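Dear colleague,

Please find below the structure that I am handing over to you. The notes after it set out what was found.

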Amino acid sequence: MKITMQKDIFILALILSCCAIAAGKTQQELDNDELWDRLLKRKLHETKTNVHSEGTAASADEFIEPMALRGDQPPPPDDDEDEDVGADGGLFSSISYNHADSELIDAASAELPDKQDQLLTPDGSSPTKVDFPSEDTPHTVDSGRLVEVADDVEIPASIDPDLVNGDDVREGSGEDSLPQADDPLLFDKEILNILRNRPESREILELFGLGATKSPHEDTDPNDPEAIKERLRNSITLPLDKRKYFQALPAIAEDEERIHAKPASLLADGRILPTLSNVLLPDLNQTLVKHRESLLPPKDGQRSLVIVFDATGSMLDDLQQLRDAARLIIAEITQRDSNPIFNYIFVPFRDPHVGPRLVTRNKDELLDALDKLQIIGGGDCPEAALEAISSAIEAAMPNSFVYVFTDATAKDFRLDQRVLQLVQKKQTPITFLLTGFCDGKATPGYQVMNNIAAASNGQVFDLRKDQIEEVLLAIRSTMDIDHVPLKAIDSALPKQHNIDLNVDSTLREFSVSVAGVKPTIEILDPQHEPYNGTRDVLDLENIRVVNVADPSPGKWNIKAAANSSHSVLLSGLSEVLFKFGFSLLEPQDTVSLSHQPVLKKANYLAIEPTDPQLIKTLDSVTIVSHNVGTPGGARFNFTLPLKLVPGTTALYRTDAFDVPRQQFKLTINGKNANGETLQRLLSTAMQAIEQTP
């Protein structure tokens, strides 16, 4: 019985001893969670060895040498020979520092590679200088006080050299100094530098403000633990749209080389194969950009550049000049701030074949099509020009720039009504550049071209083959978003015309173009004086074009003439444009309007300016007969008043009226915001049709 009780007591004593030893060691170790918590709270300088006293607490003036800690390993285990019992019965750690040529360590001498970190003591002040004992004068610790020991006293083993952070010793200085544990140099610097050396860790630290300098716009100190905790809390708990980040994630320049480093060669000679994307898609980036641009809708006022070209054998010289001029014109107009070109349409034609039609947003595709065009065929003079024109206009934007190049008349002249209907629908002017024609100007094939040009507010230019490029470069100024027709006259006989033109301040410039034999132009300013400030745009034997820039407001007079049948076109660049259309019901907007009036029905005509602030009022609309091609037709000229549609700011309409059966054109009359008389040619030739059931 006694033996059993003694055995139980011995086991109990053994268990209590093990618990005491484990508790003592646990008190000297910091948990990893606590270390990371102190890292985020910027309190790494408080990390030190716990000093446990079961008896009397250490006095305030006593100093106990702490153990050095590293963030990547726990403190060395306490051996029995390293523990001593003081007079007061307290346990303490005894460490002997053995450094050659030790020097004073302070905030000034301990330089950190990262200038953003600061050396602070737990109370926030700079650390005091610490004098390490030299190797010749060994010391030990007695009850928390440093005392000298005799030579015959055994000195405990020195600290493990693996615990020393080599980055803390100045290279080439011969120092092996060891900073104290309450100095952040040993622990804070090592862990933060390890994190900063990894790009993903450093981005997170920068995001949280750890290691970043104080922004001039920040009122709080980024090194303040409370500020750090607040940023962490906001970054984790708040919704994404309410988080306030310290700063945007920085770009890491030093890692770009690693990111974009070339892979090792797989070939024996060391050559690098091209990337896979270049093998499969040589111009991937350009292809994606062009594809994205092709999906964008047109901007306000953008139009199509349409080229209809006679590709028969006699047009080789014309084609070469067109190629050269097209490159220059497209390069110039596409560089403008307001590029007027939305897409390009190219339709070649030969008798009897037309096409293929090219519709593209890519100017290089158009130029490439011109370069690859084969000039073949022909034989008989008339060609299928009208079929090619109608194919091009069907694909074109409204108000497009259409140019037809040929040296023959139209064989398919009976398609003229189809072309005129498309012109009326798209309100598109057509310019013919003829370098020859068959059987004279009296043939139906030539007359139909002249009629289409007159109805569309275009012109027919009779040229030599060597004048194509010169004419195209001269008329490129008309390729503008703000280009509008002002007056259009077509005459079958040689005569002089006196044309009054009301100019207002919204008209930035105007041009006068006369197409006929030996054309002449004379311009009088509002004071009825000859105007000498004109610029000659084109001066050929069959074409004359002059330009007036920044004209003063008022009524100008233009005298134009030619020694043959001719056309006169006045056009300009206007800051205000107009939308118009017809409707059988009282209109409330321009969306439901149509360019096709209906015969034997009461039609409303509605007009709206693109910029109402430039318009004071719209007074009336003038309807004038268009008799080109029908010399025996009725002639009429009447005016309908306009009124503002209730509930709108700038939509004007006429009363319902019966539209004429014959072709007619519309002219708008009103006043601009400055009270100046405003007048514009509103439409191409309009033709009413009967309503279909």
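I begin with N457, which is placed in the loop between α13 (444-455) and β10 (460-462); helices (H or I, at least four residues) and strands (E, at least two) are DSSP runs, numbered from the N terminus. The model is predicted, so local features need pLDDT of at least 70 and side-chain atom pairs count only at pLDDT 80 or more, while totals for chains, interfaces and linings use all residues. Residues are numbered from 1 along each chain as its sequence is written, and side-chain values use heavy atoms, with hydrogens and water left out.

N457 has a relative accessible area of 7% and is therefore buried (buried means under 20% relative accessible area, exposed over 50%, partly exposed in between, with a 1.4 Å probe and protein chains only). Not counting residues up to four places away in sequence, N457 touches P429, P485, A488, L569, K665, L681, S683 and T684, where contact means heavy atoms within 4.5 Å.

The chain as a whole

The chain contains 14 helices and 29 strands. Of its 693 residues, 44% are buried. Among contacts with a separation of 6 or more, 74% are between residues 24 or more positions apart. The chain exposes about 37,600 Å², and carbon and sulfur atoms supply 52% of that area (Shrake-Rupley method with a 1.4 Å probe; for residues, only the protein chains shown count as cover).

Nonpolar cores

A nonpolar core is a set of buried Ala, Val, Leu, Ile, Met, Phe, Trp, Tyr and Cys residues joined through side-chain atoms within 4.5 Å. The largest one has 38 residues, of which F309, F405, V471 and L472 touch the most other members. Elements that give two or more residues to this core include β5 (303-310), α9 (316-333), β8 (401-406) and α14 (468-474). The largest share, seven residues, comes from α9. Why does this core lie between domain 1 (302-478) and domain 2 (483-574)? Both domains give residues to this core, so it lies between them; the domain bounds come from an automatic or database domain assignment.

Leaving aside neighbours within four places in sequence, L472 is in contact with L322, A325, I329, F405 and L433. Another core, of 30 residues, lies apart from the largest one and has I345, A410, V423 and Y446 among its members.

Salt bridges

A search of the whole structure finds 17 salt bridges, each being a side-chain nitrogen of Lys or Arg within 4 Å of a carboxyl oxygen of Asp or Glu. I describe some of them here.

D462 pairs with K441, with the closest N and O atoms 3.1 Å apart. This pair links distant parts of the chain, 21 residues apart: D462 is in strand β10, and K441 is in the loop between β9 (430-434) and α13. D462 is buried at a relative accessible area of 16%, whereas K441 is partly exposed at 31%.

D504 forms a salt bridge with R680, the closest N and O atoms being 3.2 Å apart. D504 lies in the loop between β12 (496-503) and β13 (507-515) and R680 in strand β28 (residues 677-681), so the pair ties together parts 176 residues apart in sequence. D504 is buried, with a relative accessible area of 0%, and R680 counts as buried at 3%.

The side chains of R653 and E586 also meet in a salt bridge (3.1 Å, N to O). R653 counts as buried at 10% relative accessibility, while E586 counts as partly exposed at 38%. E586, K643, R653 and D655 are linked in a network of salt bridges.

With kind regards
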